[in-house]
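Please read them alongside the model.

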Amino acid sequence: MKRSCTPPGLCGPLPMLLVFLALLSVPVSAQSPLDVGGHISPQLRYISSADRGVEVPTTGSFTSGKDGLSLGIGAGVYLEYAITPNWFVRGGVDLSYKRNQYGVRKTFVESDSTISGTNQIVYSSIELPLSVLYRFDFLPNGDSFLLGIGTTVNRWGGNPRAFASFFHRRGVKEFVDYPRHTVTVFGGYERYLSNVIVVGLEPYLSYVPTRFNLETTTSAKVQVEAGLSLRFHLDN
């Protein structure tokens, strides 16, 4: 059934976060198919710079970017529901911090000389991830492996800020394009610390098409993001 947001404002990130936290406070009975968990996920982002297809100036100066690697981090809480003994659905609320840093060059045409600098674009976002995963049958010691695929249902982003050597503005929202939706594939290994506490490691790879247009002749792009989720959940 399609639901509308009435009155206005009930579909923003804060109300949805409050609803989710309220769900976490609801007690679940023994052997419930609904589990509660949390995670922290360091991220590695590869930034590539490609020609924008514009004509290089014949006078004055122009800037161009280099490739680079940057770190980010995400954390959140989630609910996990068992559809069958092996298939599960997971959804939650994440807070993500993206840091994008790469080198830049400024070229002076008349003197044919260059100087080097750095661009760093940072922003945070609230995200609603949703995934489906398959847990293989438990090993004799109770450990298990899993595979899954997921997406970001929605994302609410803050105002991106730039700390740039040759770009003299901090607010760069109109120069940054990042997706509301992503695609993620992941695997994992889980281990029981007790009868109810489960910890796991989940390496993942996400398609996150993002573009930064701060240079004169190039665009910086992030196509993929890799990370390692450190997770725990309560097996009710």
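1. Two strands pair if DSSP finds at least two bridges between them. Strands are DSSP runs of E with at least two residues, numbered from the N terminus. The model is predicted, so local features need pLDDT of at least 70, side-chain atom pairs count only at pLDDT 80 or more, and totals for chains, interfaces and linings use all residues. Residues are numbered from 1 along each chain as its sequence is written, and side-chain values use heavy atoms, with hydrogens and water left out.

2. S5 and strand S6 (residues 144–157) are antiparallel and share 11 bridges. Leucine 130 faces threonine 151 in S6.

3. Strand S4 (residues 87–108) runs antiparallel to S5 (residues 113–135), with 20 bridges joining them. Arginine 90 is opposite serine 131 in S5. Four residues lie between the strands in this hairpin, where aspartate 112 has a positive phi near 50°.

4. S5 is also joined to strand S7 (residues 161–164) by four bridges, again in the antiparallel sense. Here glutamine 120 sits opposite phenylalanine 163 in S7.

5. Is serine 229 buried or exposed? Serine 229, in strand S11 (residues 218–234), is buried, with a relative accessible area of 4% (buried means under 20%, with a 1.4 Å probe and protein chains only).

6. The side chain of serine 229 has a polar contact with that of serine 41 at 2.7 Å (a pair of N or O atoms within 3.5 Å; within protein, one must be able to donate a hydrogen and the other to accept it, and residues adjacent in sequence count only if both atoms are side-chain atoms). Beyond neighbours within four places in sequence, the contacts of serine 229 include His39, Gly200 and Tyr204 (heavy atoms within 4.5 Å).

Technical notes. Buried < 20%, exposed > 50% of the residue type's maximum accessible area, 1.4 Å probe, protein only.
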